[in-house]
Amino acid sequence: MYTLLTVPFLVLAAVVTVATARRAGFADRMRASAWAAIVLIVLTAIFDNVMIAADLFTYPEHLISGIRIGLAPIEDFSYPLAAAFLVQAVRCLLTPRGIEEQP
């Protein structure tokens, strides 16, 4: 169930990111987004595991895929991944053409 909830976020992030492919600086944005994704995923792994270990919340086994990183279900990592790319892509699309090309 939780896996299905992540699909729209990942698809939206992918579609909006691809929509920026023709804008200037696409490779730089992808590199920055990848680094942001790595940092966010590491932080998610740390803090989700701490919070789950502290019994702040749990996941019903029948609603998750069963794949875990430590105690955190893999589904938890889709949101920071989507956000890392979506935020950059939306910012790019909201920036008028020509402005991003100036030094």
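**Entry 1: contacts along the chain**

I began with contacts (heavy atoms within 4.5 Å). Among those between residues at least 6 apart in sequence, 69% join residues at least 24 apart. I note that this is a predicted model, in which local features need pLDDT of at least 70, side-chain atom pairs count only at pLDDT 80 or more, and totals for chains, interfaces and linings use all residues. Residues are numbered from 1 along each chain as its sequence is written, and side-chain values use heavy atoms, with hydrogens and water left out.

**Entry 2: the overall layout**

Next I looked up the secondary structure, taking helices (H or I, at least four residues) and strands (E, at least two) as DSSP runs numbered from the N terminus. I found 3 helices and 2 strands, in the order α-α-β-β-α from the N terminus on. The radius of gyration (over C-alpha atoms) is 16 Å, well over the 13 Å that the globule rule gives for 103 residues, so the protein is more spread out than a compact globule. The globule rule I used is 2.2 Å times the number of residues to the power 0.38. I also boxed the C-alpha atoms along the principal axes and got roughly 50 × 25 × 20 Å.

**Entry 3: surface and charge**

I took accessible areas from the Shrake-Rupley method with a 1.4 Å probe, with only the protein chains shown counting as cover for residues. The accessible surface comes to about 6,600 Å², and 73% of it belongs to carbon and sulfur atoms. I call a residue buried under 20% relative accessible area, exposed over 50%, and partly exposed in between (1.4 Å probe, protein chains only). Of the 103 residues, 27% count as buried.

For charges, I counted Lys and Arg as positive and Asp and Glu as negative, leaving out His and the chain ends. Each charge was placed at NZ of Lys, CZ of Arg, CG of Asp or CD of Glu. The mean positions of the 7 positive and 8 negative charges lie 16 Å apart.

**Entry 4: salt bridges**

How many salt bridges are there? With a side-chain nitrogen of Lys or Arg within 4 Å of a carboxyl oxygen of Asp or Glu as the rule, I get 2 salt bridges.

One joins Asp28 to Arg31, with the closest N and O atoms 2.7 Å apart. Both residues sit in helix H2 (residues 26-53), 3 residues apart, which is about one turn of the helix. Arg31 is partly exposed, at 48% relative accessible area.

Another pairs Arg68 with Glu61 at 2.5 Å, N to O. Here Arg68 is partly exposed at 30%, while Glu61 is exposed at 53%.

I then turned to Asp76, in the loop between E2 and H3. Asp76 is buried yet has no salt bridge, and the nearest side chain of opposite charge, Arg68, is 7.8 Å away. Beyond four places in sequence, Asp76 touches Thr44, Asp48 and Tyr59.

**Entry 5: Pro73 in strand E2**

Is Pro73 buried or exposed? Pro73 is buried, with a relative accessible area of 1%, and lies in strand E2 (residues 72-73). Leaving out residues up to four places away in sequence, I find Pro73 touching Ile52, Tyr59, Ile64, Ile67 and Arg68. The C-alpha atoms of Pro73 and Asp48 are 9.1 Å apart, across 25 residues of chain.

I checked two residues of helix H3 (residues 78-94), starting with Ser78. Ser78 is buried at 8% relative accessibility and touches Thr6 and Leu10, not counting residues up to four places away in sequence.

Ala89, in helix H3 as well, is buried at 2%. Which residues does Ala89 contact, aside from its neighbours within four places in sequence? I noted Val16, Thr17 and Thr20.

Helix H1 (residues 2-19) includes Ala19, which is partly exposed at 48%. Ala19 and Thr3 are 16 residues apart in sequence, and their C-alpha atoms are 25 Å apart in space.

**Entry 6: a backbone angle**

My last stop was Asp55, in the loop between H2 and strand E1 (68-69). Phi of Asp55 is near 65°, a positive value in a residue other than glycine. Asp55 is exposed, with a relative accessible area of 61%.
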